[in-house]
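Subject: Structure handover

Hello,

Here is the structure you will be looking after. Please open it beside this email and follow along.

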Amino acid sequence: PLLASAHESSCIRLWSIQGNLMKELLPFSEHPSGPLTALCTDIFTKILLTGSKEGYVIRWNIASFLEDSRNRKNKIKEELCWRAHATEVVDLFIEEEKNVIATASIDGSVRLWHARTGYYFGYFGQARKFELSDTSRLILPSDVKDFSAIIREESQHMEKKQVIYPLRLDRDK
């Protein structure tokens with residue numbers, strides 16, 4: 001068992017069921033995700049999804065980390081980041097059988113996305129039917145301008161480091 005907490009600083013903390021901090025990480029993606037507002041995992045706890053106040057969704061692969069969290073080689077990988085809404089994501093859900101992610105925002109919209117690629121399928125209430133098998137059409141919601149960004153394998157995550165920057169006046173400079 002694992003507990004995950006999302007924070008206003010964009011930090012995600014993973015906890016053991018005993019309450020011990022196992023991992024602390026920050027998103028790597030080039031888009032600032034802002035304060036995190038929603039979390040969810042798939043049924044097998046291999047994928048962690050986070051939603052942010054800025055409308056971004058980030059997909060993390062946590063499978064290898066959970067197999068052996070003490071092994072430094074087993075890292076949490078940020079796989080995908082995309083702007084799902086123009087406003088805050090308040091909830092998200094992954095449906096493994098159809099390979100779909102549903103996101104909800106404070107703007108009142110609920111949208112469907114392809115779970116592996118972040119392709120937009122549509123929103124609840126639209127006139128046309130959802131076509132979940134066709135991911136070749138690159139479409140976006142009208143209020144979002146950025147396509148999903150696949151995070152490269154060699155990218156390094158920003159670990160939270162404790163750094164002290166003393167403020168001193170240097171009159172010679």
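How many bridges join strand β10 to β11? Three bridges join β10 (residues 110-114) to β11, and the two strands run antiparallel. Strands here are DSSP runs (E, at least two residues), numbered from the N terminus, and two strands pair if DSSP finds at least two bridges between them.

Before the rest, two notes on the source. This is a predicted model, in which local features need pLDDT of at least 70 and side-chain atom pairs count only at pLDDT 80 or more, while totals for chains, interfaces and linings use all residues. Residues are numbered from 1 along each chain as its sequence is written, and side-chain values use heavy atoms, with hydrogens and water left out.

The hairpin

Strands β4 (residues 36-41) and β5 (residues 47-52) run antiparallel and are joined by five bridges. Cys40 stands opposite Leu49 in β5. Five residues lie between the strands of this hairpin, and Thr45 takes a positive phi near 55°.

The core

A nonpolar core is a set of buried Ala, Val, Leu, Ile, Met, Phe, Trp, Tyr and Cys residues joined through side-chain atoms within 4.5 Å. Buried means under 20% relative accessible area, with a 1.4 Å probe and protein chains only. The largest such core has 15 residues, and those that touch the most other members are Leu49, Val57, Trp82, Leu92, Ile94, Ile101 and Trp113. At least two residues each come from β4, β5, β7 (77-83) and β8. Strand β8 gives the largest share, three residues. In soluble globular proteins, nonpolar side chains tend to be buried together.

A buried residue elsewhere

Ile12 lies in strand β2 (residues 12-16). Why does Ile12 count as buried? Because its relative accessibility is 1%. The C-alpha atoms of Ile12 and Pro27 are separated by 8.5 Å, and the two residues are 15 residues apart along the chain.

Regards

Terms used. Helix = DSSP H or I, 4+ residues; strand = E, 2+ residues; numbered from the N terminus. Buried < 20%, exposed > 50% of the residue type's maximum accessible area, 1.4 Å probe, protein only.
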